[in-house]
Amino acid sequence: MNYKILQLELKKKSTQERALRTMGFFKTGKGQYSEGDIFIGVSNPDIREIAKIYPQTSIKDLVKLLKSPIHEERLLSLVLMVNQFKKGDKQLKIELFNTYTKNRAFVNNWDLVDLSSPVLMGDFCLENNDHEFMDELLNSTRHWDRRMAIVGTLSFIRNSVTKLTFVYAQKLLNDKEDLMHKATGWMLREAGKRDEKALRKFLSLHGKKMPRTMLRYAIEKFSEKERQKILMITR
């Protein structure tokens, strides 16, 4: 199927009103983290419906969509990749992983990373018992790469493997990016749902070093009384 059909389907569902609203939400202004990203105004439910209609889109067409300057086209490409990966055989999973990692420069916003990395990277690395590539991304100068690595551990967490998340979180304590603080705190919170004792130990050892946003995200599920206590003693 030609990727132009998918572009047309997205255009049919687009609205200028939603595009303007979404551009504000994703901070596309000058100097903001999504500066220059283009939105045409298609909702996530509509994107997922389009993906259901064209599940067998070729990897060649998926790459063309992923390289688009239009955010919703990149998002649709990743939704299709994730869907194909979940249902694919070993060979298809290898092909999708390689395609994803090779073209990750186009996975350049937090929603794109958070949708794709737990499956296209995390699931693949977990299934192959090898997270060396994720280790490399954690040391990248590109913060979207680092976010891919930490959010990719969500796949491990879902399978009750939390150690990698805590190792990565410790290495990210001095990260300068607020979007990394949020992602790391989120993963710590999720890991804590599976191993609360390990999260409490991490907070005891590193709480005073943690950026406040990271800390607040990590303790979000604690009681209000305990959150305030932790915030006070780590100030």
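Helices are DSSP runs (H or I, at least four residues) numbered from the N terminus.

This is a predicted model: local features need pLDDT of at least 70, side-chain atom pairs count only at pLDDT 80 or more, and totals for chains, interfaces and linings use all residues. Residues are numbered from 1 along each chain as its sequence is written, and side-chain values use heavy atoms, with hydrogens and water left out.

## Asn-103

Asn-103 sits in the loop between helix H6 (90-102) and H7. Asn-103 counts as buried because its relative accessibility is 9%. A polar atom of its side chain lies 2.8 Å from the backbone oxygen of Thr-99.

Asn-103 also touches Val-63, Leu-66 and Lys-67, leaving out residues up to four places away in sequence. Contact means heavy atoms within 4.5 Å.

## The nonpolar core

The largest nonpolar core has 68 residues. Such a core is a set of buried Ala, Val, Leu, Ile, Met, Phe, Trp, Tyr and Cys residues joined through side-chain atoms within 4.5 Å. Leu-76, Leu-78, Leu-188 and Met-210 touch the most other members.

Beyond its neighbours within four places in sequence, Met-210 is in contact with Leu-173, Leu-188, Phe-202, Leu-203, Leu-215 and Ala-218.

## The largest pocket

The largest pocket has a volume of about 240 Å³. A pocket is an open set of points on a 1 Å grid over the protein atoms alone, where a 1.4 Å probe fits, with protein on both sides within 12 Å along at least five of seven lines; lining residues have an atom within 4 Å of a point. Volume is the space filled by probe spheres set on the points.

Helix H11 (178-194) gives the most to this lining, with 6 residues. Other parts of the lining include Phe-25, Tyr-33, Trp-110, Arg-147 and Tyr-217. The lining of the largest pocket has 7 nonpolar, no polar and 4 charged residues.

## The second largest pocket

This pocket holds about 200 Å³ of space. Of its 14 lining residues, Thr-22, Phe-25, Phe-26, Val-42 and Asn-44 are the closest to its centre. H2 gives the most to the lining, with 4 residues. Helix H2 (16-25), helix H5 (71-87) and helix H7 (110-127) each supply at least two.

Note on methods. Nonpolar A, V, L, I, M, F, W, Y, C, P; charged D, E, K, R; others polar. Buried < 20%, exposed > 50% of the residue type's maximum accessible area, 1.4 Å probe, protein only. Polar contact = N/O pair within 3.5 Å; in protein donor to acceptor, adjacent residues only side chain to side chain.
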